[in-house]
Each structure stands twice: as C-alpha cells, then as structure tokens.
Amino acid sequence: DLTDANSMPSRVMLVLQAVLFLSGILVQKAGLGDENLPGTLFVIVVLLGHTLVQRAVMSLLLRRITIHMLMGMVLVGALILHKFREAATVALVVSGSEWL
C-alpha cells in the first residue's frame, strides 16, 4: 500500500527516489550522457513522490493550509521555473520525512 509510509512498497519507492536523485547529481556534475538526462532523472524522482501531490490536493479541497500544500506549491513553482533538481529535492525530502 503506497499510502502508508511504513509499508515495504513505500520504502522501496523512497530508496529508488534517493538512488535516482544521486544518479542525477552525479551525471550532472560529471557531464555524462545527454544534457537532458539529469533533468529527466529529477522529474522521475518528483513523479515517484506522488503522495505529496495527493496530500496537497486534499488540503486544497478541504481548504486547509498544511505543510503538504505549501510544499506542493514549492514543487509546482520549481517545475514551472524548470528547476528540476530543486523540485526533486523537495519531493525526496518530503517523502523521507513521511517515512520518519
């Protein structure tokens, strides 16, 4: 169950997010591969952090200001500005904090 942060699938997704995030940083720093590869890896990290988007939408529907709504706004802003690394950082940090 991916809605439970302590479930095995959620933990696997978190580890996968972290691996892809670090891979994106290494590829970006080393200048390996296509110039779009790091951005693609960072966008995949954002997509794997789907619970942030779910909770942000629920907060908006319930008209409540929560940390998920605020981080969702940060995530959308970073994506609009094409700051994929920053968006991936937000997604990874929020996913990690839910697991803790």
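A cavity is a set of points, on a 1 Å grid over the protein atoms alone, where a 1.4 Å probe fits but cannot get out. Grid points are joined across faces, edges and corners, and the volume is the space filled by probe spheres set on the points. A search of the whole structure gives one cavity of 30 Å³ or more.

Fourteen residues, written 14 in the count, line the largest cavity, and Ser10, Met13, Thr51, Ser95 and Glu98 lie nearest its centre. A lining residue has an atom within 4 Å of a point. Two or more lining residues come from each of α1 (8–30), α3 (50–61) and α5 (84–99); α1 provides the largest share, five residues. Helices are DSSP runs (H or I, at least four residues), numbered from the N terminus. By class, the lining has six nonpolar, six polar and two charged residues. Here Ala, Val, Leu, Ile, Met, Phe, Trp, Tyr, Cys and Pro count as nonpolar, Asp, Glu, Lys and Arg as charged, and the others, Gly among them, as polar.

## Basis of the values

Residues are numbered from 1 along each chain as its sequence is written, and side-chain values use heavy atoms, with hydrogens and water left out. Because the model is predicted, local features need pLDDT of at least 70 and side-chain atom pairs count only at pLDDT 80 or more, while totals for chains, interfaces and linings use all residues.

## Salt bridge

The structure holds one salt bridge, defined as a side-chain nitrogen of Lys or Arg within 4 Å of a carboxyl oxygen of Asp or Glu. Arg55 and Glu98 form it, with their closest N and O atoms 3.6 Å apart. Arg55 belongs to helix α3 and Glu98 to helix α5, so the pair ties together parts that are 43 residues apart in sequence. Glu98 is also one of the residues nearest the centre of the largest cavity.

Arg55 is partly exposed, at 34% relative accessibility. The classes are buried (under 20% relative accessible area), exposed (over 50%) and partly exposed in between, with a 1.4 Å probe and protein chains only.

## Nonpolar surface patch

Val53, Val57, Met58, Leu61 and Leu62 form a nonpolar patch on the surface, with about 480 Å² of accessible area together. Patch residues have over 30% relative accessible area and no salt bridge; nonpolar side chains (Val, Leu, Ile, Met, Phe, Trp, Tyr) are joined within 5 Å, like charges within 9 Å. Areas come from the Shrake-Rupley method with a 1.4 Å probe, and for residues only the protein chains shown count as cover. Val53, in helix α3, is partly exposed at 43% relative accessibility.

Gly49 sits in the loop between α2 (37–48) and α3 and is buried, at 1% relative accessibility. Its C-alpha atom is 9.2 Å from that of Val90, 41 residues apart along the chain. Gly96, in helix α5, is buried at 18%; its C-alpha lies 9.3 Å from that of Val15, 81 residues apart in sequence.

Key: 1 Å grid on protein atoms, 1.4 Å probe; cavity = no way out; pocket = protein on both sides within 12 Å on 5 of 7 lines; lining within 4 Å.
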